[in-house]
Amino acid sequence: EQIRLIILDRGPGIEDTELAMKEGYSTASKDVREMGFGAGMGLPNMKRCADEFTIESEVGKYTKLVIVFDQSMEGMD
């Protein structure tokens with residue numbers, strides 16, 4: 001009745017997760033963003049679509065996302 005995604009990235013981490021959750025925020029350079037690249041909406045969009053969303057990160061070590069989607073069984077008879 002639930003899909004739970006646990007995503008662990010052992011990489012540079014995110015220095016300011018609160019800032020990273022702001023729509024449009026990206027660490028990509030201006031030139032890269034002008035070409036349409038960069039993930040400025042990725043995290044906020046994931047949170048918006050999920051029933052539960054948590055992010056934790058340690059700079060220089062990891063970022064961990066837990067995303068949960070609840071499945072409603074109503075109307076599926």
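## A walk through a predicted chain

Gly42 is found in helix H3. Here, helices (H or I, at least four residues) and strands (E, at least two) are DSSP runs, numbered from the N terminus. At 28% relative accessibility, Gly42 counts as partly exposed; buried means under 20% relative accessible area, exposed over 50%, and partly exposed in between (1.4 Å probe, protein chains only). Along the chain, Gly42 and Lys22 are 20 residues apart, and 9.9 Å separates their C-alpha atoms.

Before going on, a word about the model. This is a predicted model, in which local features need pLDDT of at least 70 and side-chain atom pairs count only at pLDDT 80 or more, while totals for chains, interfaces and linings use all residues. Residues are numbered from 1 along each chain as its sequence is written, and side-chain values use heavy atoms, with hydrogens and water left out.

Now for the overall layout. The chain has three helices and three strands, and from the N terminus on these elements run β-α-α-α-β-β. Of its 77 residues, 18% count as buried. The chain exposes about 6,000 Å², and carbon and sulfur atoms supply 50% of that area; accessible areas come from the Shrake-Rupley method with a 1.4 Å probe, and for residues only the protein chains shown count as cover.

Tyr62, in strand E3 (residues 62–70), gives an example: Tyr62 and Leu8 are 54 residues apart in sequence, yet 6.9 Å apart in space, C-alpha to C-alpha. Leaving aside neighbours within four places in sequence, the contacts of Tyr62 include Leu8, Asp9, Glu56 and Ser57. Another pair is Asp16 and Ser57, 41 residues apart along the chain, with C-alpha atoms separated by 8.6 Å. Asp16 lies in the loop between E1 and H1 and is partly exposed, with a relative accessible area of 37%.

How many salt bridges does the structure hold? It holds two, where a salt bridge is a side-chain nitrogen of Lys or Arg within 4 Å of a carboxyl oxygen of Asp or Glu. Here they are:

| Salt bridge | Closest N and O atoms |
|---|---|
| Arg48 and Glu23 | 2.9 Å apart |
| Glu58 and Lys61 | 4.0 Å apart |

Arg48 sits in helix H3 (residues 42–49) and Glu23 in the loop between helix H1 (17–20) and helix H2 (30–34), so this pair ties together parts that are 25 residues apart in sequence. Glu23 is partly exposed, with a relative accessible area of 48%. Glu58 is also partly exposed, at 37% relative accessibility.

Patches are made of residues with over 30% relative accessible area and no salt bridge: like charges are joined within 9 Å, and nonpolar side chains (Val, Leu, Ile, Met, Phe, Trp, Tyr) within 5 Å. Ile3, Leu5 and Ile7 make a nonpolar patch of about 250 Å². Ile3 lies in strand E1 and is exposed, with a relative accessible area of 52%.

Terms used: Contact = heavy atoms within 4.5 Å.
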